[in-house]
Amino acid sequence: MKFTLSWLKDHLDTSASLEEIAETLTDLGLEVEEVVNPAARLAPFTLAHVQHAEQHPDADRLRVCTVLTDEGEKTIVCGAPNARAGITVVLAKPGDYVPGLDVTLGIGKIRGIESMGMMCSERELELSDEHNGIIELPSGAVGDKYIDWLAENRPEAVDPMIHIKITPNRPDALGVRGVARDLAARGLGVLKPLQVDPVPGGFDSPVKPVIDADLKARGCPVFAGRLIRGVTNGESPDWLKARLTAIGLRPISALVDITNFFTYDLNRPLHVFDAAKVRGDLRIRLAREGEEILALDGKTYALKPSMMVIADDNGVESIAGIMGGEVSGCTGATTDVFLESAYWDPITIAATGRALKINSDARYRFERGIDPAFTIDGLELATQMVLDLCGGEASGITVDGAIPDTARAYQLDPARVISLVGMDIPAAEQQRTLTALGFTFTGDMANVPSWRPDVLGEADLVEEVARIASLTKLVGKPLPREGAGVPQAILTPLQVREKTARRGIAALGYNECVTYSFIDAASATLFGGGADATRVENPISSEMTHLRPDLLPGLLQAAARNQARGVTDLALFEVGPAFTGGEPGEQVLQAAGLLVGASAPRDPWGSRRPVDSYDAKADAEAILAAIGAPARVQINRKLDGWWHPGRSGNIALGPNVLATFGEVHPKVLREMGVKGPAVAFTLWLDRAPFPKVKTPTRPALVLSDLHAVERDFAFVVDTSVEALTAVNAAFGADKALITDVSVFDQFTGPKAEEQMGAGKKSLALAVRLQPRDKSLTDADIAAVSAKIIDKVSRATGGALRK
Amino acid sequence: MDALDQLKSKYLEGIAAASDEAALEELRLAALGKKGEISLKMRELGGMSPEERQTTGAALNVLKTEIDAAVRAKKEALADAMLDARLRSEWLDVTLPARPRRVGTIHPVSQVMDEVTAIFADMGFAVAEGPQVESDWYNFDALNIAPEHPARQEHDTFFMARDPNDPRPPHVLRTHTSPVQIRAMQAQGAPVRVIAPGRVYRMDMDQTHAPMFHQVEGMAIGRDISMANLKWTLEEFCKAFFEVPNVELRFRASHFPFTEPSAEVDIRCSWAGGQLKIGEGDSWLEILGSGMMQPKVLAAGGIDPTQWQGFAFGMGIDRIAMLKYGIPDLRAFFESDLRWLKHYGFAALDLPTVFGGLSK
């Protein structure tokens, strides 16, 4: 919403400064986006008088002028055809910024003669497009400031323009008068009365509105208009053109300019039909399938039966409340005009405007809600302006429908206002505020003015009182704690887990990424997603069409981008949601880590080696331990398709997979453009069981004074035998005595097969025996060892290595 | 010089001259061993007169102690010399690099979420969560944004695809964290104090917008919680978060469908030298939106608005991260450029706490 200061002062009697007004507007919730003050731009320029003007010795088109300025006589070289002795001009001196040229003047030497400034044209000062010559002023004394001369003789040229942002709840502030009312309520001036003198009709309007019965209830409750005949639709007067130009509108013709003026001045959008082009009455109805209209913006719109139109015997003449039609639009030849003032249902207008993608000033206002009670007054005022500017004779007003009843009242509870806002606003001041905004009181019930469709409850009264009282003045008051003492823990166990996992993975040397929750269809499909349920209907790009089914594709894409920049060794991770479906809650919290390239940089110690599955496994296990997953787990190979089938595994508790680790499937790497090796882990943070009873107490530490005994066993087994089978079997040999079994060596490969036979390998286990009540004798140890050998051999189909 | 003096000087000289431990041990045995000279002389004491025995015995004991001490001292000196010799040969180029250890980082968004959580936890706010795919009821209707409300159009909403046979309106990717207000009210009732940090989505992509970003929602409901309490809460938060002794906030009337009255909140700052300083200067920077909860929103959350009242606010986590840590470009947050992650990231152990300070 834009307006000028002088425009505002048409409605507001105020002596407040521009700065004060701008600050107050922002504070009131009418946020100032921009103030364009031409006076600031033109401040340096002064008036000067050309004493002599002589032909430049070396240039046909230049004159060397002697100019009397406030600093004495100066020589100025000028190329304007009207530069001559005896005229009063506008002077820019060296050091001044000339806006229309976007330069700061220096002392120029023009064809050998020093020029001490320039005499400006209107275009150079951004006053108009005039550039045929320099400005010649009919009055003014040397040294006067040009802005003072303008303020005196051409005030619209220095009229500051104010641009404010209007929140959707404030349609009333889409008219200058509404803005003035807010400022007046704040005490920044007095709202001037709006005088409405009905224009008597000299004849009956030959054109009448007829609203379809079903639209009267909702859509178009009231449509008023009148014919004005014998008008001359010429150019608007300068003051009107200046107003419109200042707010960025192009003056078109008096009739059109009047409708635009009322749109901004009183938030009363109007439409003018060239009555000569209207056949029959104006019918307000829904569009019919297949109807279209060439609108005033020169575009043809196909209409739908949900849209309201104004039609005559020729067909659709206007998209109701949004934009008129070209055919019945007013032109310079218009002599009879039908002036429309109607009230349109905001919801229907919004839907139509959206569907047609028309952003007009009328739509903007109707969809937010204008003042229905002002329909006739607005028409009267506009009629008067048409008569004033275009002449002619007005018919009586013709109306169909009735002004919708918006009367409603809400209780003002001053104590509740104070309690909610936390400011001591006296009850009388609260009432005064609302009254100034147009509310009237019946006891403590505030009747809402017809121009405030947003006020729909007591809370809205509170907002109005607080806003006018100024929230800037609000002083903070401590919010007491709900309970005394040390605050309780506030994170849920899963939230704690998330934080533990995040910091834990970072501590393992991974860099945390935050990647988008959406991903391209191909990548989603590679990771088990890509179904329609997780498709975004209106994606911002083809790279972001689906919700991610897993964190790994995002990390792999990140890895590919980094590889493209020449970074080959990466440890990336993310903790965040992956989506299993498109319903609320179909998301799971994952923690995923990706290792790409080598484990370390080159160094003298030979640390550098390609990352492998055991790196990923170590990190997955470390994080599982950190979040409190049980130590005894199973490893299975029921893997998702994006893992290397032989070099990956699930860490599971029965069917509950806590994590997957291993190599990313080479095909996935190829499709995602990542150069391997690449290993990864994915953890589902909510899957590890949470402790059923939460107690900080640890089980008692049981220490034995008896020495533990460690025994090593090597078994020859088939290469396909998994170490965990052997370990579990060894554990099972004596559950009381055996406290640890670890794999300390594996001998595999051609040399091993040479020794132990084809398809064989050797696994070496260290078993720790902890006696509880008496030291172990050699016989005891031998007995346990025999059991271990027996169990492992049976479980693995192998034998003790001799 | 008598015999004992001779013995003494013989051994002490020998010990001093001993060049290794073996020679020293030989000397010790020759003097103090079972058949050593001094031991033999001790044995002779038995045949002496009591007077003689007393003087000679005492002298022998002194001598024995003296030689023993000399042997020990020499032994230690020899060991030290050997160690010195060994140490001279044991030399490493300690300027060589250590065995490599990867150094991980925490993303600024996570770090700032932890900072925000730490501050609000101290003020008694719990952390609530909600789904990122939301029904339009939670994202809009419950928050007093009717289907045709202009604000609904301004949200640049991402919609989920909807099976044509499914009559329900399409779900949305939540456009703000405010739906968590409703969920938290439904789950916890009143009184309640929560913050809800998380991802949100808007169909917007340019220099300062990304289609995904992060917000933190705050909500406090009680019997008499006021907008003045909201201002104090935000002042305290900003002081703690930006780690400055004073902040000045300016509440500006605004409009959000889910709060009433509503206020945009600006913070006083200075941009002198292109560097943002919070709490001083003549500029104002908009940092968040807030207000008193709309009665319809309380009702949608199952809370009686005639009995309870409260405030709510929402601010951009990425935005306050950018302001606090001087990070220029929002989109870089989500590009995972390793150089960026390392430069703007935080150490794993830098867990922000109120007692230890938020940032180093």
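Me: Why is A:Ile113 called partly exposed?

Reply: A:Ile113 has 16 other C-beta atoms within 10 Å. A residue is buried if 20 or more other C-beta atoms, placed from the backbone, lie within 10 Å of its own, exposed if 12 or fewer, and partly exposed in between. A:Ile113 is therefore partly exposed. This is a predicted model, in which local features need pLDDT of at least 70, side-chain atom pairs count only at pLDDT 80 or more, and totals for chains, interfaces and linings use all residues. Residues are numbered from 1 along each chain as its sequence is written, and chains are lettered from A and ligands numbered from 1 in the order in which they are written.

Me: Where does A:Ile113 lie, and with which residues is A:Ile113 in contact, leaving aside its neighbours within four places in sequence?

Reply: A:Ile113 belongs to strand S11 (residues 113-115) of chain A; helices (H or I, at least four residues) and strands (E, at least two) are DSSP runs, numbered from the N terminus. With those neighbours set aside, the contacts of A:Ile113 are A:His56, A:Val64, A:Thr75 and A:Val77, a contact being two C-beta atoms, placed from the backbone, within 7 Å. A:Pro57 is 56 residues away along the chain, and its C-alpha atom is 9.4 Å from that of A:Ile113.

Me: What makes the buried residues of H13(A) line one face of the helix?

Reply: The buried residues in helix H13 (residues 427-436) of chain A are A:Gln430, A:Thr433 and A:Leu434. Seen down the axis of H13(A), they fall within an arc of 90°, so they line one face; the arc is that of the directions from the helix axis to the C-beta atoms. Their cover includes helix H5 (176-186), H12, strand S29 (445-447) and H14 of chain A. After H13(A) comes A:Gly438, with a positive phi near 105°.

Me: Why are H2(B) and H4(B) called roughly antiparallel to each other?

Reply: The axes of helix H2 (residues 21-32) and helix H4 (residues 50-89) of chain B come within 10 Å and cross at roughly 170°. Axes are lines fitted to C-alpha atoms, for helices over the stretch in contact, and angles run from 0 to 180 degrees between N-to-C directions. Angles under 35 degrees count as roughly parallel, over 145 as roughly antiparallel, 65 to 115 as roughly perpendicular and the rest as oblique. H2(B) and H4(B) are therefore roughly antiparallel. Their contact comprises six nonpolar, no polar and six charged residues; Ala, Val, Leu, Ile, Met, Phe, Trp, Tyr, Cys and Pro count as nonpolar, Asp, Glu, Lys and Arg as charged, and the others, Gly among them, as polar.

Me: What makes S10(B) mostly covered, and how many bridges join strand S5 of chain B to S10(B)?

Reply: Seven of the eight residues of strand S10 (residues 309-316) of chain B are buried. Strand S5 (residues 212-222) of chain B is joined to S10(B) by eight bridges, and the two run antiparallel; strands pair if DSSP finds at least two bridges between them. Strand S9 (residues 283-293) of chain B also runs antiparallel to S10(B), with five bridges.
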